[in-house]
Structure formats: structure tokens, C-alpha cells
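Me: I have a chain here and some labels attached to parts of it. I would like to go through the labels and ask what each one rests on.

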Amino acid sequence: MYRRSDSAETMDGRFTLQPAKDSGGVDNGAFQLHENGVTKEDTLSDLKPTPPNSHFVPQKRKKSLVQLTREALPRLENYRNSRRAAKRPSLGELHGGEDTVKQDPNGVLEQDSGTPGGHAGIKLGWIQGVFIPCLLNIFGVMLFLRLSWVVAEAGVGESLIIIGISAAVCIITTLSLSAISTNGEVKGGGIYYIISRSLGPEFGASVGIVFAFANSVSASMNTIGFCNSLSELLSKYDLKIIDAGINDARIVGCIALVVMIMICAVGMEWESKAQNFLIVAIVAAMVDFVVGTIIGPTSDEQRAQGFTGFNYTTFTTNWFSDYRRSENMDYDFFQVFAIFFPSVTGIQAGANISGDLKDPASAIPKGTFLALVISMFSYAVFVFFAGAASLRDASGSLQDLANGTLSLCTPDCQYGTFNNYQMMEIMSAWGPLIYVGCWAATLSTALTNLLSVPRLIQALGIDRIYPGLIFFSKGYGKAGEPYRGYVLTLLVSAAFLLIGELNAIAPLISNFYLASYALINFCTFHAALIKPLGWRPTFKYYNTWLSLAGFISCVVIMFLINWQTSLITFGVIIALYLLVVYRKPDVNWGSSTQAQTYKTALTTAHRLINIGEHVKNYKPQILCLCGSPSSRPALIDFANLITKNNSLLVIGDVTEVRLQHRVRSSRIQNVYSWLRINKIKGFYSLLDHTQFENGAKALLQTTGIGKLSPNVLMMGYKNDWRGCTSEELMAYFNVLHAAFDHRLAVAILRLKDGLDYSKLMGDELNGTPADISMSQPPTVDLRSGLAANTMMHADSNLSLADLGKSDTATPKNTISKNTTILGPQYKRFLADGVKNGNSLINSMFAKKHASKVTDSTTSNSKVHQIPTFAMDNMTLFRNKQNKGNIDVWWLYDDGGLTMLLPYIISTRQAWSNCKLRVFALSTNKNEIEEEEKSMAFLLSKFRLNYSSLKIVSISDKPQESTIKFFNDMISEFRTDEEVGENECKVSEAEIASLQDKTYRQLRLRELLLENSSDANLIVMSLPMPRKGKLSAPLYMAWLEALTRDMPPYLLVRGNQQSVLTFYS
């Protein structure tokens, strides 16, 4: 410990430290730490240097560390994933940035309050919360009513094998369950919570529904066992309600279910107290059976009923199996296993109420294993006792006993382990206690099941996985009891209780439980195999491959029991899985499937590095410089036409504005949301605080990893090249040079009415030097009453705030046919994406929101009017194209990309009505026919379908009107002086030296107007801008001459590497 020195030997203007005197405690108040990590304002300025030659006077109360620094110390509260968690300071706050709003790094927050995991009621320890519920759940209806029958069918030897297989499955599953349960906090929802947080909501929700259903049916099965036992007792005294059979069981069972549901609804405390009495009754009944078997029969009546006491002959006879037909069903080993297995399915009882446990991670492994060991040992002992001390068949007649013909009554015997389910009561020391134990076992298991199902359904409802279950998410009272879930559980259990046949229900439950156990084992196997950094279970006694073996074993046993039921079970799980996949719930739980996705992608990316490139596997991987996608939807849609389900698409966004971290994060999130809504698969790369040219060059060099890197640069045509600054024009031109320098292909898209809608959509950050601006009026005839001089193209750099304000305004309470009126509340809809063209949007505004839209015209809020031509442009490449043509002007051999891209577009469904028309250049007017044959042969070798082929010549001089059009276009850039490298001027010398090339471009314009003015899309080879030989204005003038007043136009230049081949 150190404190400030109060001696006179302090250094000038500095502090000195000396050891603090030992006063029996912490002397420095700076170590009074703030437990929840909440920091206060930095008060370091309060520490002033000690004046020279002065003594430090100790203060009465020293500053704590929380006052001396913004830093937060490591505390549990800082890592909680809930709204009540303490918030450590952000990096922006520590570093000195402007970020002050804390974003949740994990996506969806899980609230501690209001969830099953946040019950404010009683919290249970491992004995009361796990051990006793598991023991009660395992000691169910089979222990007293079916175990002796299992021994009669399978014999002692195979019964022990059945118990051993069941124990092995349960032990492996318990190991897996313990590993998952100790890998972080386990909240309410039990098996659903564990699987969903490990494998994701798709697996968790589907298995959770099946498991909830299995528990509900299990409650019915145990209640039927209780009713059968009660009916057997009443029949001894000739008492009945209706028929002393199945109808009596239905009536008593429904009453019992209602009573148990009411006990559960009272709360965990009452149910926990009831468990104590039930476990005592079960143990007493078990002791009663063991003592009675050891004592042996005390009367001839017991002997006549098949109770022999321990007898070697009886044991050897019962050691082997004797499978018979029972209850209209032929039994074999696996059918008997299916009847027995539900009796060991209580291992999940503790996990099901994990939200009500004090320490689930410690309680679940400890309590479950102990309950499993005790129960399996008890079952084995009971099998030995039943097999060694009772006959399979007995008539119950004293005369047959005396004659030695006790077992010759088959198949009409009334006693024996085959024929009497109450054989354990006959073998006990005091029979009535067996009834009490049977009732306690059946009702306790049913009670545990009825308690867990509503909480599981509530957890599903809170997570909003299935819409139909959201209603059941509401909790009541301080403990958040799921009363609505209790009602649903009661209805489901009562429905199956009406079946009334225990042996008919047991195999169905076995399949559902085995499916759940299989998924638990698979969760552990998957997490242990992938080994995400978050996989750190404190329970170490699990094995990756043992969990896999448990998964396979569960599946195999399911099909061996009943393959039809297994197929139905898996069909239900797959259907529920696909429903979650279709709904795509907005949750992020850090599942191992997410880790698997990352690992698979990373492994594949590494493998791609070592895979050589081949022309047959060429993929156009596009870097699209478009800014925010919502600003230029047509450009993104066109790029997506090429890359959809085929190759890489990266959206590049360069802005000169410096974005704060939270603004940047929000922008990225919004872009990916837009892409998801519009079903576009692509990546988004944002560079801020950077000039367009530098940012674009950086993207060209750094975008992608390994072979997943762009090989095509796609940009929008710069419509405002004549009106922009020289810096912007040179930046655009230099980006083209940079792309060619890095050996990327280049594609430039132009639409007649432009591409940029950033101003219209209100995205002020999208202004980059590459923005597209219109230089001519719109070609769409607007009949909305808007004055022509007030309209502009959506990609203009001018303000759209006054769009549509004129003397001839849109009438009140009407929606113009050609104008969509968009208030602020609807602007986000368009920004988020237009899915199916303006017909969808117009219908939505005209029908669903008509009143809101028209009311906005009279309010003081800002109103946006979306012209129809703008909507048509924005959705051009999403709509189905009419029958037409894609004209391909393959002028120069660039490797075949000019031909490949339109072919890809023609294969898309929206463009399936368009056929390819190919135009090529002739080198000699006199050999056009031969060159046409040669080109046709080449295209046939490439297996590219086309409707027509035409060879054109551009050796003729263009018309004077075309030359005048060009001269007028570059007149403002012409100069007689010598032009520097970065000047936006065209010297007369350059014009003269490149006159032939200029005439070729102008002649191409004339041919385009003659042949392709009615095409749906034009694709042409991009003229090559030779470095140092061609100025930016002249090059842009060439492009303007080729593309002005044309249909949608794509200029393409490959990187001179072959992308087409005719080899197999």
C-alpha cells in the first residue's frame, strides 16, 4: 500500500509515494471498489501537484478508484446479458471519442425479469430441485405396475439387458446434459433452453415442442397407471363408478389431472412440499416389497397366486425370455424395451425447472447422476427379486397348488407376473402400502411433468419462436407463473388420458424422449467438435465421441422400437425446424451452429487458396461502387442479376464524412437489413472520412480474402461529368485506371433517367463524387399536375425538398395515378427496399394507408412525392421483362466477359423472355460474310444461344450532325494550350491525334440508334482509356456519345483473361 508523502522531501511539482502503515486494514480508500462497474465522471483533474516546500495534509476521506478513473474493474455484473447488467464504459468514452450511447454487442437482450429464468419465487437446491424430482420421475408407473410384467416377458437376463441399455443411454445423455448445463447459466425452459442456446432456435424450438408434448403425454400415462391401480383396489371390494374399467379410469384420471394442475399452479413451494411426502411413500413401498419378498409367502393363498419366495428353480425358469401376445399385440425384445424405457426418462426433471434452481450448473449434474444410479440399482434389485420369487403363470387355486398343477392354467391364468399387474402387492409384506407407493410414484411423475411443460411453453412464447405460443408467454404473480400454459397442458394430457391404454401410449412417449435425448447428445458432440471459444463447461467428465455414440444409439433404438412412429417423430421435428427457418426469428444466442458456419467458411476459404483457377470455373465477382444500396437500388439489382446464387458481390461505399462508431454500426446494420429484405446476397464495405478516389483505390486493393476477391468493378455512369468539378471528374476517371492497373474488369451501367436516388430517399451521406446526375429532362410523361420546370431527375444533386410545389397541385384527399406521396412515416419502407416493383408500393399506399397518406398532404410535416418514372427506374431490374432483346456489341476480344455477362442475365427468370442479338465488327467490308460465319462458329463452340448475328463496319465517316453533336458536347473543354496530366481539358492536338477513334465511337452511335434503340438492354465493349494518351473529358465524351438516349446500357471491358472456353 502506498500513500502520498507528507514529508518536506517531496520533489518539486510531483507526488512521492511511501508505504502505508499497517493499521490492520486497507488504508487507501481508492480500493473501495464499485461493485457493479458503473463509472462516474473522471476526476483526475482534482489531483493537483504538491507545491514546492509544502507539506501534504491528509484528507479525512480519500477518493475511491471509481472517482479517479473511468475504467471499470472486472465484475460479474459487467458480463450479464440482461437489461439490468452494469455497463462498462465504451471504447469511445475511454479513448475520447464522441460515442456515448452503448450498443448491445450480443443483439437481443435476455431479460432477467419476466422470463422463466427470472422467477422471483422460491429457489431450490440440488436435493429438492433435482435429486428428488428426478427420482420421483424415474420411479413412475412402471416400477409397481409393469416391472414384474417386463420380467415375465423378457426374463431376468434380458430384463437386465434392457435396464443396462436404458442406463447406458441415460448415463451418456446425463454426461452430455451436465456438460451443456455447466457451460454458462441455464435459465427457464429446461431442455428447450439448453438445446436452443447450443444448436440454435431451429433445433431447440422443434425439439422443445416435441419434448413438451412427450411430457404432457407422460403425465397422461402415469395418471392412467394411478387409475388402473385404484380400479384394481376398488374391484376387490366390488366398488365401481361405471364399469370398473376404462371409463372409470377416464373419470378418475380427469379429476386427478385437475387437482395436480391446481397444486402446480399454487407454486413451486407447495409442489416441493408435496414431493417430500411422495418420496417417503415410494421408499416405504419399495422397502415393503423387499421385506415381503425376503420373508416369503405367509399363506397358501399367496403361493397359489404365484408367490414362491426365493427359489432356485423359479429363478432359472424366469431367467430366459418367454415373449407372448398380450393386449392384442405381439411382443419382442424391443417392444418390451419400448414399454419399459419411459420409466427411466426422468433424468431431465431437474433441467426442466432450471429457472427455479439456485445453482443449475452444479445442481443438475450432481442430482441427476445420484438419482440415476439409485434408480437403476433399484430396478435391477426388483428384477432379481421378481424373477427369483414369483411364477409367470398361476391359477390362484389352492387345489391346483396341492396337485402341483398351478401353472398349467395358461392361457386362462389370472395370477402370476404375466397375468396380474398387481403381483408386487401380493409379494409385499403389507399390500396396501404398495398401493400407496404406486399412487405416489405415478402421481409424482405426473406432477413433475405437469409442472415442467407450462414453463417450457412459456419460454418458447417469450422467445417468440412460434406465433401461436406467444399467448402463453404471460406470467402471473411475483413468480411469473404460466397459468395459461397450465390450461393448455391440462387439455393435452386429458385428451391422451381418454385413450385409457397404458401400453398403447408408452411406445409413443419412448420415441419422443429418445428424440430429445438424441438431440442433447448431438448438442454436446457438435459443441465439443467445433470447440468455439465460448465452450468451457466446468463439468469435464464428458467425451465428444461418447456423445456421438449416444446420439446414434438413441436414433437406432427409436427405429428398432417402431420405425413408423420414428419416421413420424422425425417428420414432426423437421416440419417444426423448417417453420423456424422460414420465420427467421431475430435472435442471437451464440449457438454452435453459428460457430460451425464460421469454421466451415474459414476452412473453405483456406482450401480455395490452394485450388488453381480454371476458365471453366470462372465466376464474375463484383465490387459494386454504389454507396448505400437504398440510394441506387437499380445498380445493386443489376449486379445481383449477375452474381445471384453464383458468385461474390461486394458493395463498396465511400463517404468523405467522418462517421461516429455508432452511426457507422447503424449504417452497416441498416444496409444488411435492406439486403436481407430484398433477398440480395452480398457483403458491404464502408470507408468513411476518405475521398472517393482514395477510398475506391483502397477497396480495389483490400476487398475480399484469398480467392474470394472481386475481379470485376461495377460503377454507375457519371451523368454530371460536364457540370461537376474537375477534381470529381478526375477521381472518377482515375478509379477506372486503378481498376485496370489491378487487372480488374470494369463494367459501367447507365440508365436513361439515372441511378442515384440518395436525395429522394433522404440519405445525405451518400453524396460522393461518383454520384450520378441527370443532364436532360425526364422522359416519362407526368400527368400529376406538377409543373415541368419543378421536376428533376432523382439522381440530380439539387434539392428535392420543393418537389411538386406548383400552382397545379395534387387535389386534396386523392392519390395521383403517377405520383406516390410519401410521408415521413413511410420513407423508411422505401429505404428498406422495394420488393416487387411499384405495383406493390402503389397498392400498399392506395389501399392500406390511403387515409394516412392523404392526411399527410395537409400537415406541416415534410412530404415526399415519388414520381412514377422514379419508381420504375428503381425497380427496373426486379420486374419481369417483356419479350425483347439483349443486344451484345462484342467489338473487341477482352477474354469473353462482354459476351458472358449478358448470357448470365438472359438465364435469369426475369429476363427469360429476352433473346441475345450479337453484333460484331468487320475488319474488311469485302469479307463480312466470311467473318459472320467465323463468329457464328465461335459462338457455337462456346455453346452460347443467340437469336441473330450481324457484322457491322465502322470505317465510314459519321454524319455531320453526329460530329456537330460531339463538338458541341466538348466545346467547353477544348483549349489551344498544352494540357497538364491532371487537367480537365482537351487540347486541339489530342483531338486531332484521336480523330479516327472519335469517329469510330460516333459511327457506333449511329449504328446503335439504327439497330438497338428498341432493345431491353445493350451490352457493349468499353473503349479502353489508354494511360497518358487520353484525357478524362474526351473519354467521357466518347462514353456519352455511345450511351445518350439509349435503353439501359452496360459498358464492359474484361481483363484480357479468357472467361469462355470450348474445351470440356
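**Labels and their grounds**

Reply: The side chains of K1027 and D741 meet in a salt bridge, with N to O at 2.7 Å. The model is a predicted one.

Me: What makes the contact of K1027 and D741 a salt bridge?

Reply: The term asks for a side-chain nitrogen of Lys or Arg within 4 Å of a carboxyl oxygen of Asp or Glu. K1027 and D741 have N to O at 2.7 Å, so the pair meets the definition.

Me: Why can the pair of K1027 and D741 be said to tie parts together?

Reply: K1027 lies in the loop between β17 (1017-1021) and α36 (1032-1043), while D741 belongs to helix α26 (residues 726-741), so the bridge links parts 286 residues apart in sequence.

Me: Which other salt bridges can be named, and are their partners buried or exposed?

Reply: The whole structure holds 21 salt bridges. Among them is D720 with K718, at 3.1 Å from N to O, and both of these residues are buried. Another is E1040 with R1044, where the closest N and O atoms are 3.0 Å apart; E1040 and R1044 are buried as well.

Me: What makes α20 oblique to α21?

Reply: The axes of helix α20 (residues 544-561) and helix α21 (residues 563-583) cross at roughly 130 degrees and come within 5 Å. Roughly perpendicular ends at 115 degrees and roughly antiparallel starts over 145, so an angle between those limits is oblique. That makes α20 oblique to α21.

Me: Which residues make the contact between α20 and α21?

Reply: On the α20 side they are V555, M558, F559 and I561. On the α21 side they are W563, S566, L567, T569 and F570.

Me: How do you know that α6 is mostly covered?

Reply: Helix α6 (residues 191-199) has nine residues, and nine of them are buried. Buried means under 20% relative accessible area. The residues are I191, Y192, Y193, I194, I195, S196, R197, S198 and L199. Just after α6, G200 takes a positive phi of about 105 degrees.

Me: Why is R1000 called partly exposed?

Reply: R1000 has a relative accessible area of 30%, which lies between the limits of 20% and 50%, so the label is partly exposed. R1000 is found in helix α35 (residues 995-1011). Its C-alpha atom is separated by 8.3 Å from that of D956, 44 residues apart along the chain.

Me: What can be said of the chain as a whole?

Reply: The chain has 36 helices and 18 strands, and 53% of its 1064 residues are buried. Of the contacts with a separation of 6 or more, 80% come from residues 24 or more positions apart.

How values were computed:
Residues numbered from 1 in each chain as written. Predicted model: local features only at pLDDT ≥ 70, side-chain atom pairs only at ≥ 80, totals over all residues. Heavy atoms only, no water. Axes fitted to C-alpha atoms, helices over the stretch in contact; angles between N-to-C directions. Helix = DSSP H or I, 4+ residues; strand = E, 2+ residues; numbered from the N terminus. Parallel < 35°, antiparallel > 145°, perpendicular 65-115°, else oblique. Contact = heavy atoms within 4.5 Å. Buried < 20%, exposed > 50% of the residue type's maximum accessible area, 1.4 Å probe, protein only.
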